[in-house]
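Let's take a walk through a protein model together, following a few residues that a database record points out. Have the sequence and the 3D view ready.

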Amino acid sequence: MAEKKKIAIIGSGNWGSAIARIVGANVRTMSMMDEEVKLWVFEEILPDGRKLTEVINTEHENVKYLKGYSLPHNVVAVPDILESAKDADYLVFVLPHQFLRSSCQPLRGKLKQGAVGISLIKGFDLKPEGGIQLISELINSLLGIDVCCLMGANLAHEVAAEKFCETTIGVHTDEQSLIFKDLFQTDFFRVTTVRDAKTVEVCGALKNIVACGAGFVDGLGYGDNTKAAVIRLGLMEMIKFAEYFYAGAKFSTFFESCGIADLVTTCYGGRNRRVSEAVVKSGKSIKQLEAEMLDGQRLQGPETAHEVNALLKAEGLEARFPLFTAIHRICVQEISPSEMIECIRMHPEHLAFDRRRVSIERDVVNQYASCL
Ligand SMILES: NC(=O)c1ccc[n+]([C@@H]2O[C@H](COP(=O)([O-])OP(=O)(O)OC[C@H]3O[C@@H](n4cnc5c(N)ncnc54)[C@H](O)[C@@H]3O)[C@@H](O)[C@H]2O)c1
């Protein structure tokens, strides 16, 4: 009999814990999978003196990051990252991107031959030598494994509550498409797989920048029409960014859950929007509010805005991405949030006539035409 495949989840915050509920339940129905799901937990001592791993393994609940939702008993919290990952055939990376490099160090050269990763992490990596790379590229360069990605309109607490949503998995092979669909799909969490993994990942990272912009206009007291303008202009800059830096990006991917759907959700419901609104209303810094409002959870938007800005600046492209640039400058307190409105007013609308974009649109039209 073939050896059963093993899966490990690297990260156990809000999203890692919500996804562990799904994966833990799904592996039990898959004959090819070992039932045990190892969950790497960055060890913390709770206010009552207990270790978070011990609480998860006895009470089957991540009381710090996903309170009120049980974890399946086959999900086992492991404080040592190498112990959690070394035998795994599938590795789900789901921790704030600022901790990824340091966390992966103990895994270098120690993973199982043929292991495949999937990243649920939103953001970019700022390379020490300059420039940015996708998180999947970082994991690949550190660990030498192929890495897919899962991104979508998936606020963790709603997924944990089993409220219907969709998600997108970017894959490179048919085999990955089949296995990851089985591992993640449920009645309430519907998976679409696409062979455009880089665009899926770019969408997941960039939408957090736009969410900060949405929060700023909320904080300034503007209405839904203004926020819709931020969302629309943000989407246009996301598309332009993908076209410029990731040749071959498919326009249709922006209409999957990872694109427009995640963007809308994040601009209404996510923590980046919430904290950015509070920045305007309280006058406090993002760092201070992150500490006050999020209880250990991390913001991705300001960090991603910084990474993207470093690239745009180096390439002399800041003026072509005025929304991303303004949001970054507000995050680092170079300009005041009220300047967002001027940025929206003055946003250049000639993006639509970029030659490469027109050719991508033509491809999509041709694809649809051939289906008719
Ligand atoms: N929460 C969501 O709704 C959601 C949805 C989709 C995607 N995501 C993405 O998932 C990723 C993980 O986010 P999250 O919400 O699960 O995390 P989180 O912000 O809820 O939790 C922070 C996590 O970081 C860990 N941590 C703290 N210090 C650390 C250190 N020094 N080294 C390593 N780990 C440390 C904590 O133990 C905790 O598990 C992010 O990229 C996020 O953008 C989140």
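Where is the place of Lys122? Lys122 sits in the loop between strand E5 (116-119) and strand E6 (124-126); strands here are DSSP runs of at least two residues, helices (H or I) of at least four, numbered from the N terminus. Before going on, note that this is a predicted model, where local features need pLDDT of at least 70, side-chain atom pairs count only at pLDDT 80 or more, and totals for chains, interfaces and linings use all residues. Residues are numbered from 1 along each chain as its sequence is written, and side-chain values use heavy atoms, leaving out hydrogens and water.

Under "binding site", an unreviewed UniProt entry lists Lys122, Arg271 and Asn272; such annotations may be inferred rather than shown by experiment. These residues are spread over 151 residues of sequence, yet they cluster in space, with a largest C-alpha distance of 13.3 Å.

A polar atom of its side chain lies 3.4 Å from the backbone oxygen of Gly152.

Now find Asn272, in helix H11 (residues 271-282). Asn272 is buried too, because its relative accessibility is 4%. Beyond its neighbours within four places in sequence, Asn272 is in contact (heavy atoms within 4.5 Å) with residues including Asn208, Cys212 and Gln300. Lys122 likewise has Asn208 and Gln300 among its contacts.

Definitions and conventions
A polar contact is a pair of N or O atoms within 3.5 Å; within protein, one must be able to donate a hydrogen and the other to accept it, and residues adjacent in sequence count only if both atoms are side-chain atoms. Buried means under 20% relative accessible area, exposed over 50%, partly exposed in between (1.4 Å probe, protein chains only).
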